[in-house]
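The questions below concern helix packing and a few single residues in one protein model. Each answer ends on the item asked for.

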Amino acid sequence: MKKRLMALTLAAAMCVSMAACGNSSSSKGGSSSSADSKGGDLTYSGTELGKDTDLKADITVFNHRTDMSSDDYGGTTWKEYIAAFNKEYPNIKVTVTTDTNYADDALTHLQSGDYETVMMIPAVDKSDLSTYFMPFDSIDNMEKEINYANTWEYDGQVYGVPSTATTQGIVYNKKVFSDAGISGLPTTPEEFIEDLQKIKDKTDAIPLYTNYAAGWTMGAWDAYIGINATGDTKYMNQKLVHTKNPFSDPGDDTHAYNVYKILYDAVSKGLTEDDYTTTDWEGSKGMLNSGKIGCMVLGSWAYPQMEAAGDKGDDVGYMPFPMTVNGKQYASAGADYSYGINVHASDTEKKAALIFVKWMTDESQFSYNEDGLPVTKKDNSTKLDFKGVDIEEDEPALEGEEDYLNDMNSESELNINNGGNDKVQAIIEHASKGDESFDDIMNEWNKKWSDAQEANGIEVKY
């Protein structure tokens, strides 16, 4: 079961740093009846904020945002969100715990059977969602309430509500780029590498910081091989699994080959930190804010964290990924971690959890505060501005093929968009040592992919 859970696709971008497991007592004692396991009459669309303000319940919330647990966080903290929530719902006690190793530890919590009332849904197979989480509502109803409703949809039911939504680009220091004489943002891999060289030649900043040592940060590179690199909304969830040798060079500076090649070239040319094994994720935030780092390849969720990491937030910017498809730049948009509600919680706990999740989505302005794209249909405000860039959402997998990518990830062990940190770390290692060419690495990946297609009986169509 552990292998199966770990092999599955995360919805968008993974992201974050956190700090220690939390109390899970509220997951005990809930009804196990069929009606209760389906949430009974409790639904997202049927939950009206401003009512049931006298509801009394204790709920726990487990998530990845350790930075928001610190009073030094430059944005709105968990303490502040809970205080605002309790002004309207004073009898719902919300205990928030966070974890720096959330992706793995959340799975451990689920496997224990004793887990929090509300969790950010980790990498579980969609067919197993009902084992752990109650459905919020039907997909038809949820699409009227939120964006990205299909992220955690299975068999017509929605099991997750995105905490925020992100797009994929590069967080950078505008002053460093300016000091290096860079007047316009790069739109191709070649231009990007040239700009990194200018930063190295003309400033004291580290051009590109890999954050190798953190591990999970390496998985961010997978997020760019879909819409950003192809301009095709069907590629990631429908075409990739059926593609022959998807890591080959198409010859036009696009697709996965050229995404990962940016990293290989940057390392091999000495345009990254001197010792990749000593990178420091938490420290890198302040380093980018102060201009000691030129840029980092991370989802837009990282943008507000870099802004808040020092007193030079105005110098922090977020640019589109440097890739152009047929003369156009694209950016993928999708849900970040999504709230799920413990299917084994009592009805009272579920009701309180529904209120909390809907309040966080509709009233807290969490997504806006975190420089995210809007989740609620009630407000389309966002701070992000990618002028001239088409921001698109991946289309879901075809019916009957929902688990194909999960199966391919498990068999090939490449874990695309599923914490495939090791393979990206290997790019850095080989580029630094010069003991394996980039083409050789990509050929190995293609072989693993082809073998996985054959093992899983997946037809090659493209």
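Q: At roughly what angle do the axes of helix α3 and helix α14 cross?
A: This is a predicted model, in which local features need pLDDT of at least 70, side-chain atom pairs count only at pLDDT 80 or more, and totals for chains, interfaces and linings use all residues. Residues are numbered from 1 along each chain as its sequence is written, and side-chain values use heavy atoms, with hydrogens and water left out. Helices (H or I, at least four residues) and strands (E, at least two) are DSSP runs, numbered from the N terminus. The axes of α3 (residues 78-88) and α14 (residues 347-362), lines fitted to C-alpha atoms over the stretch in contact with angles from 0 to 180 degrees between N-to-C directions, come within 11 Å and cross at roughly 115 degrees.

Q: Which residues of α14 meet α3?
A: Contact means heavy atoms within 4.5 Å. On the α3 side the residues are Trp-78, Tyr-81, Ile-82, Ala-84, Phe-85 and Glu-88. Their partners in α14 are Ile-355, Phe-356, Trp-359 and Met-360.

Q: How are α11 and α18 oriented to each other?
A: The axes of α11 (residues 255-268) and α18 (residues 438-456) come within 11 Å and cross at roughly 140 degrees. Angles under 35 degrees count as roughly parallel, over 145 as roughly antiparallel, 65 to 115 as roughly perpendicular and the rest as oblique. α11 and α18 are therefore oblique.

Q: Is Asn-173 buried or exposed?
A: Asn-173 belongs to strand β9 (residues 169-173). Buried means under 20% relative accessible area, exposed over 50% and partly exposed in between (1.4 Å probe, protein chains only). Because its relative accessibility is 2%, Asn-173 counts as buried.

Q: Which residues does Asn-173 touch, leaving aside those up to four places away in sequence?
A: The side chain of Asn-173 also reaches the backbone nitrogen of Lys-175, at 3.0 Å. Beyond four places in sequence, Asn-173 touches Leu-288, Asn-289, Ser-290, Gly-291, Ile-293, Gly-294 and Asp-315.

Q: How far apart in space are Ala-397 and Tyr-235, C-alpha to C-alpha?
A: Ala-397 lies in the loop between β15 (389-393) and α16 (404-412). Ala-397 is partly exposed, at a relative accessible area of 24%. In sequence Ala-397 and Tyr-235 are 162 residues apart, whereas their C-alpha atoms are separated by 9.7 Å.

Q: Which residue just after α4 takes a positive phi?
A: Within α4 (residues 102-112), the buried residues include Tyr-102, Asp-105 and His-109. Just after α4, a positive phi of about 80 degrees is taken by Gly-113.

Technical notes. A polar contact is a pair of N or O atoms within 3.5 Å; within protein, one must be able to donate a hydrogen and the other to accept it, and residues adjacent in sequence count only if both atoms are side-chain atoms.
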